[in-house]
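Here is a short briefing on one protein model and its ligand. Please keep the structure open while reading.

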Amino acid sequence: MSDKIMVTRSSMPDFEEYCREIKDLWDSRWLTNNGAKHGLLEKHLAEYFDVPNVTLFTNGHLALENVLEAMDFPRGGEVITTPFTFASTTHAIVRSGLTPVFCDIKSSDYTIDESLIEQYITDRTCAILPVHVYGKVCNVEAIEEISEKHSLKVIYDAAHTFGVTYKGVSTANFGDASMFSFHATKVFHTIEGGAICCKDGELARRLCDIKNFGIHGPESTLYVGGNAKMNEFQAAMGICNLRHIDEEIAKRKAVVERYISRLSDVKGITLCGDQPHVENNYAYFPVIFDPETFGADRDDVFAALAEKNIGARKYFYPLTSAFECYQGRFNPEETPVALRLSLRVLTLPLYSDLSLDCVDRICDIVLSCQNIK
Ligand SMILES: *Cc1c(COP(=O)(O)O)cnc(C)c1O
C-alpha cells in the first residue's frame, strides 16, 4: 500500500533555520504584543506586497472579522459576496451582524460576476466582499468603478492570492482592504496567521487597537475589541518562510505544469485557464468534470482517488449558502453558475514537494475513471 497523499501539505523551513530565528525569544522573553519578530514580518510583508500598511493577525478569519468591525457598518447592513468560497468569508459577515447577499460567479474564472453586482445594491448595501478564489483575480477595475459610483467599501478575501500580481501589482493593493490568510495549508504560512493590507493608515491604526481589546494606550480603550494578535513564534515562522517564497511558488508551478500536460486535452475535463496580466501562485488545482462527456462524475473520481489513499477535496462544496447553519435563509439556486460548479469541481493534491511521479499516479487514476458509467 502506498503512502497516503493528502490534498495539501505544509511547507517548512529547515528545523535549524527556525531554531535560529526563535533563539532571540529566550533572551528577550517578549513572546507576543508587537514584538520584534512581529514588527520585522510586517515590514518585510509591506515590502513584498508593496502596500503601505500590513496589520498582522493570529489568523485570516479574525482579520476579516476585525476589518468589518473597524469599518463600523450599521447593523444589518448588506454585503455583496459569493457563496463559492470557504466558510470563513460568509461566517465573518454574519458574525459581524451584517447580511450576506449572494451574487453569482463567472464560469470563466469562478470570481464574482461583476455584471450582476449592481442589481443587488440597495440602500442597505455597505460593502462588496469578493473572493480571489483559487488565486484567480477578480475584475478589480470593474469592481472599483461600481464601488465608487455607489460609495461602497470593497474588502477582498485575498486568502488564496499570496504572491499573485495583476499588471505587476500585488492583490494586496486593491479595494479598501485585502485579507490574507497565513494558515498552515496556504502558499505562505505562519502556522496560523493572517493580515489586513490597506492604503488607509487610519484604518490600520484602528485595526491595531481592535485586535488588542480595543486598547489604544495605557489609560485609553477606544473600541470593544477582542484578541486577535499574532505571536512571536508565528511571526518567526513567517520570516523564515518568506525567505523561500519564490522557490515555493516555482516548485508548485512545476507540479501544476505536469497536471496540465496530463489533463488539459481530456474530453469532459475543464481546467481553469490563465488570466491575462496575472502572475500566478499555483495555490490550487481545481478540475471540473462534466459527467456527460467524461463518463464519470466528480464523486466517482473522488471515490477512486480515496480508494488509493489519495485525498482530493470537494473544494468548494457545498456552497456556503447551502450550509445547515443557514437553512432557510438563502437559496443556492439563485447562484446557478456557482451551484453547478460546486457539484462538478475537485481540487487535486498540490504542494511544493509533491513529486511528479505522484502527479502521474494521480492523473492515471483520474483518467481511469473515464466512461466508467
Ligand atoms: C483559509 C481561508 C480563510 C480563513 O483563513 P484562516 O487563516 O484559516 O482563518 C478565509 N477565506 C478563504 C477563501 C480561505 O481559503
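Predicted model: local features only at pLDDT ≥ 70, side-chain atom pairs only at ≥ 80, totals over all residues.

Pro-318 sits in the loop that runs between H11 and H12.

**The loop between H11 and H12**

- Phe-316 also has its place in the loop between H11 and H12.
- Tyr-315 and Phe-316 are joined by a cis peptide bond, and omega there is about 15 degrees.
- Glu-333 belongs to this loop too, which lies between helix H11 (298-307) and helix H12 (336-344).
- Glu-333 counts as exposed, because its relative accessibility is 57% and the exposed class begins over 50%.
- From Glu-333 to Ser-321 the separation is twelve residues in sequence. In space, their C-alpha atoms are 9.5 Å apart.

- Tyr-110 is not a glycine, yet its phi is positive, at about 70 degrees.
- Tyr-110 is found in the loop between strand E3 (99-102) and helix H5 (114-117).
- With 4% relative accessibility, Tyr-110 counts as buried.
- Ser-151 is likewise not a glycine and has a positive phi, of about 50 degrees.
- The loop holding Ser-151 lies between helix H6 (140-150) and strand E5 (153-157).
- Ser-151 counts as exposed, at 65% relative accessibility.

**A buried proline**

- Pro-349 is in the loop between strand E15 (345-347) and helix H13 (356-368).
- Its relative accessibility is 0%, so Pro-349 counts as buried.
- Pro-349 and Ile-249 are 100 residues apart in sequence. Their C-alpha atoms are 15 Å apart in space.

**Ligand site**

- The ligand sits in the largest pocket.
- There are 16 residues around the ligand. Gly-60, Asp-157, His-160, Ser-181 and Lys-186 come nearest.
- Helix H3 (60-70), helix H4 (87-95) and strand E8 (177-181) each give at least two residues to the shell around the ligand.
- The side chain of Ser-181 places an N or O atom 2.7 Å from an oxygen atom of the ligand.
- A polar backbone atom of His-61 is 2.8 Å from a ligand oxygen atom.
- Gly-193 has a backbone N or O atom 3.5 Å from an oxygen atom of the ligand.
- The ligand exposes 380 Å² when taken alone, and the protein buries 93% of that.

**Cysteines**

- How many disulfides does the structure hold? It holds zero.
- A disulfide needs the two sulfur atoms within 2.5 Å.
- Cys-358 is in no disulfide either, and its nearest cysteine sulfur, in Cys-363, is 11 Å away.
- Is Cys-358 buried or exposed? Cys-358 is buried, with a relative accessible area of 17%.
- Cys-208 counts as partly exposed, at 32% relative accessibility.

Conventions
Residues numbered from 1 in each chain as written. Heavy atoms only, no water. Buried < 20%, exposed > 50% of the residue type's maximum accessible area, 1.4 Å probe, protein only. Near = heavy atom within 4 Å. Polar contact = N/O pair within 3.5 Å; in protein donor to acceptor, adjacent residues only side chain to side chain. Areas by Shrake-Rupley, 256 points an atom, 1.4 Å probe, with all protein chains shown as cover. 1 Å grid on protein atoms, 1.4 Å probe; cavity = no way out; pocket = protein on both sides within 12 Å on 5 of 7 lines; lining within 4 Å. Sits in = over half its atoms within 2 Å of the grid points. Helix = DSSP H or I, 4+ residues; strand = E, 2+ residues; numbered from the N terminus.
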